[in-house]
Amino acid sequence: MFSDKAKEEIQQVLKKYPNRRSGVMDVLRIAQRERGGHLVKEDMEEIARILGMQTVEVNASAAFYTMYNVEKPVGKYHIQVCRNISCLLLGAENLIKHMERELNIRVGETTPDKKFTLSTVECLGSCGTAPMMQINDDYYENLTAEKIDKILKDLK
Amino acid sequence: MSTVKINGKEVTVKDGTLILDAARDAGFEIPTFCYQADLMGVGSCRMCLVEIEGQKKLQPSCITPVLHGMSIHTETPTVMSARASMLEFLLANHALDCPVCDKGGECELQDMVYKYGPHKGRHAEPKFKFQEKDYVLSPVIIKNSNRCVQCMKCVRVCGEVVGANVLGALGRGDHQEETSFLRSFLDCDQDGNCIEVCPVGCFMRLPYRYKTRPWDLKGKDTVCPYCATGCRMVIEERDGIVIRAKAQLGVGLNSETLCARGRFGFDFINSPERLTKPLVKRFGTLEPASWEEALGVIKDNFIAAGKNIGGIASARLTDEELYLFQKLFRSMLGSPNIDSSARWAPEAVEGFIKATGMDEGGASAFDCMESDTVLITGTHLSDENPVTDYIVRRISAGRAMNLVIASPRAMKLDSSASQIVRHNAAAEGHLLDAVTLSVYGGNVDKLRDVPGINRIKDARQDDLAGKAGCSADDIKAIARKLTGEGSVGLFAGTEFLRYPGSIPGLALLKNALKALGKKVTIIPVLDRANQRGAWEMGVHPGFGPGYSPVKERGMGCADMLEAASSGELQALYVVQSDIVAMHPDENFVRGALSGLKFLVVQDCFMSETARLANVVLPASSFAEKDGILTNQEGRAQIIRKLLPPPVKAKRDIDIIRAVGETFDRSFGPKNPVLVLDEIRKEVGMYGEVSLAFNNKRNVDNKLDLKEALVKPAGLAEGLNASGLETKLEPKTDEHPFLLATGNHLFHSGRLSRKSPTLIGLLKNAIVEISAEDASALGLMNGDKVRIKGRYYEAYATLHTRSGSKGGVAFIAENYDDVPVNRFFRRGEGVPRVSITKA
Ligand code: SF4
Ligand code: SF4
Ligand code: SF4
Ligand code: FES
Ligand code: FES
């Protein structure tokens with residue numbers, strides 16, 4: 001069950017759409033934030049009820065995007081490193097390895113203290129500032145190993 | 001029209017024709033995965049790419065319409081290499097486990113790679129696997145996603161055709177998996193249409209798993225034996241066991257679709273409970289006997305009964321069998337007492353035939369759906385006739401039209417409707433009267449002379465609407481749609497037969513619309529495969545073959561039972577009809593049958609009725625005979641024999657003839673083909689019915705084989721539709737729910753109870769009420785409840801449906817654990833019941 005605040009927010013965002021179903025992305029985002037970074041079965045069932053959709057349709061919408069973590073809990077900080085072409089050419093591969101070493105986890109894993117989850121994603125549309133990554137809702141751009149060390153230190 | 005060149009060949013086709021269709025019609029083959037005629041095009045698999053002169057990139061022919069003057073090439077080296085590349089990509093992750101795949105041998109991917117493929121792949125990376133093991137998705141579906149070609153046909157058929165919408169595509173790219181919500185167990189229609197459309201071995205039949213290779217199967221064309229939609233299918237056997245029923249793309253009105261009953265319900269054929277030898281009652285017990293002995297006993301007793309004899313034949317028999325059955329009674333035994341239904345009153349049948357114009361010949365459901373406004377009434381179409389529901393859903397989505405659904409119970413098809421009307425149970429007549437009155441209000445001059453209009457013209461709209469349980473606005477809205485621009489189509493179902501008082505309302509509305517100059521197409525919606533055939537062959541006390549008048553009116557089922565209890569009727573011959581289970585008021589039936597001197601039951605199973613018989617004859621299923629079934633639209637379609645009847649059982653036509661021959665050696669004709677010849681000669685409507693045109697494959701999208709529709713009868717003045725009324729028990733606080741019945745989505749009569757797979761889908765009785773009624777009673781979906789009427793009480797699982805009209809409890813007629821006919825009492829109205837937590 002969503003909190004009253006979330007319910008209220010959902011009703012607000014739904015006003016933007018002529019058709020409730022179209023609001024599914026926004027509502028999934030709210031639900032994911034409520035759950036602390038991921039989505040579970042019950043969330044999708046409730047969204048389906050609210051929007052008058054089939055559960056599998058909500059599931060399919062969520063599963064299409066890497067930004068939604070379906071039944072996959074993530075740490076407090078979800079680090080999504082771009083590994084598409086521009087970032088890759090500018091060294092994303094090394095940065096990923098660097099972070100794996102620093103956090104002592106592999107891509108796709110979460111640190112034992114549940115603080116960091118490291119994943120790789122496709123182009124985040126910020127090629128001009130490659131290599132880059134996203135942590136929760138924020139972009140970190142023109143990355144270097146040193147910059148990353150600082151960012152991680154600040155978050156720890 | 002557009003003229004285009006395909007591989008240099010000039011063809012002229014309708015504007016907007018897809019390149020794919022144009023090319024196929026011109027005789028060029030183009031491979032496809034994601035294209036399917038009755039689904040919306042998605043153009044995702046890129047197998048169908050073609051080259052168009054002047055366009056640099058190849059174009060998907062399945063979603064690209066022709067343009068006048070186009071020059072298209074379907075077999076250039078570029079096209080061929082594109083096909084090979086697409087296949088190479090599809091195989092990049094494909095499991096390639098053909099040796100253990102159920103689809104091996106009839107897999108479209110296998111065929112395509114064989115024909116167009118690169119026979120070597122260059123992908124060296126490890127294959128992506130969705131899962132290690134196949135997973136069970138439902139009692140009839142097992143899934144292996146590692147073989148998927150991502151054509152999305154399963155998802156599309158489930159949403160666009162079935163309307164269940166329980167499948168989706170999870171993930172994307174090569175990680176996209178077509179499956180259920182979080183791969184959970186499916187609580188769906190279980191029709192397996194996802195299996196049928198899947199080109200590879202992803203969606204598979206669970207009951208068929210690892211049973212055979214397709215090339216070891218022998219198949220025959222047939223028609224589904226359950227409802228009267230009349231779906232064409234092929235049943236296949238191996239070593240004498242039928243193991244699969246499948247629909248075929250482009251064949252029959254159903255094309256590739258079937259419902260759960262049709263696709264999985266055939267296995268009653270193999271049941272170990274099948275009757276295999278004649279039984280004769282000796283000192284109170286039925287014991288095996290020879291055919292000679294059984295027929296001898298029948299002859300002696302029939303002679304003793306003289307004219308005090310009657311016959312009831314199932315509406316699942318073939319036209320030939322039914323014709324011979326009525327001939328046996330009318331011309332050999334000299335009795336007019338025959339009927340083909342244990343449920344419907346003869347006058348109701350006659351009224352319904354007249355109201356729906358069945359005597360005016362066949363009418364196609366596709367034509368009905370071409371109407372500008374279609375009204376569906378008196379049927380829970382989604383559950384009773386699922387494939388008719390698919391046709392309505394598919395066509396109504398593709399064109400601008402009004403679709404009005406009037407039903408007390410909510411149904412899946414509601415989501416396609418432009419207007420939904422919830423009326424009181426058993427109030428179809430009041431609803432239609434109210435609509436007609438509203439139509440009359442605006443057209444008094446034109447409708448003054450419509451027969452029957454006097455019955456309602458002075459009624460008060462509020463009264464009628466109140467009795468129907470709907471608002472005056474609803475009524476007005478329907479009337480506006482029906483009288484608006486264009487033609488009208490009506491689907492009218494078995495509720496009219498169940499509540500005969502509604503029939504005059506249907507007839508009047510039809511007449512009024514016709515008087516306004518409307519084209520009205522009516523499709524009767526029936527629940528037994530050959531109910532229409534049974535009537536058209538004259539198995540009815542009030543008319544003969546082709547609805548011809550009869551010299552002497554006979555007794556219908558109810559009257560025969562009455563006469564049996566009073567000792568007037570002495571012998572009864574029942575063929576594949578379970579009267580004890582079907583006739584309202586089981587106790588009355590049992591009492592009546594015990595009053596008979598002689599009861600002979602011919603059936604595939606030891607039915608409740610057969611247990612009471614003096615002689616039981618082992619009969620045949622649809623898989624064991626040749627013949628014709630006439631569906632609800634009046635389409636005469638062929639079934640072909642796949643297997644011999646088990647052990648000493650015989651084809652029904654041979655048994656009926658053998659009974660006749662005990663009186664006169666010349667009774668016949670002697671085989672189904674000759675009987676059909678006689679039908680063609682004697683029954684005008686069937687004059688042009690042919691064995692030839694039925695099994696041909698139609699071109700995609702042209703499923704409406706009009707030649708198969710029967711012709712007008714032209715002599716039905718004798719139909720007696722008087723005295724039609726619906727009796728309901730008065731409503732009391734003690735019994736607040738009116739008891740409605742019909743068929744469950746997974747069952748049809750009692751025959752489906754012998755199918756292990758259908759029993760696996762639903763075994764024990766459920767009672768359905770509206771979600772609102774349930775919450776008012778503090779009951780929840782899935783609760784065990786007690787259903788109590790004045791004469792019977794039973795326990796069942798509660799099923800709630802939101803959006804249904806209150807005050808109705810629905811129990812299907814299919815359950816042996818809760819025989820719904822026990823709630824009924826002869827001579828009293830439709831019962832009311834209470835529902836409480838058990
Ligand atoms: S069986 Fe029918 S309803 Fe169920 S998933 Fe398959 S297509 Fe959909
Ligand atoms: S499961 Fe079958 S029908 Fe569905 S997308 Fe995959 S290959 Fe196509
Ligand atoms: S039961 Fe009716 S709808 Fe279902 S497959 Fe058979 S004929 Fe078709
Ligand atoms: S490739 Fe990394 S942001 Fe576009
Ligand atoms: S068949 Fe045309 S793209 Fe799939």
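In chain A, the C-alpha centres of domain 1 and domain 2 sit 28 Å apart. Domain 1 covers 4-64 and domain 2 covers 77-155, with bounds that come from an automatic or database domain assignment. This is a predicted model, in which local features need pLDDT of at least 70, side-chain atom pairs count only at pLDDT 80 or more, and totals for chains, interfaces and linings use all residues. Residues are numbered from 1 along each chain as its sequence is written, while chains are lettered from A and ligands numbered from 1 in the order in which they are written.

Where the two chains meet, 9 residues of chain A are in contact with 11 residues of chain B (C-beta atoms, placed from the backbone, within 7 Å). Helix H4 (residues 55-64) of chain A brings the largest share of its chain's side, 7 residues; helices are DSSP runs of H or I with at least four residues, strands are runs of E with at least two, and both are numbered from the N terminus.

Over in chain B, Ser341(B) is found in the loop between strand S17 (338-339) and helix H9 (346-356). Ser341(B) counts as buried because it has 26 C-beta neighbours inside 10 Å (the cut-offs are 20 or more for buried, 12 or fewer for exposed, and partly exposed in between, with C-beta atoms placed from the backbone). Beyond neighbours within four places in sequence, Ser341(B) is in contact with Ala315(B) and Cys557(B).
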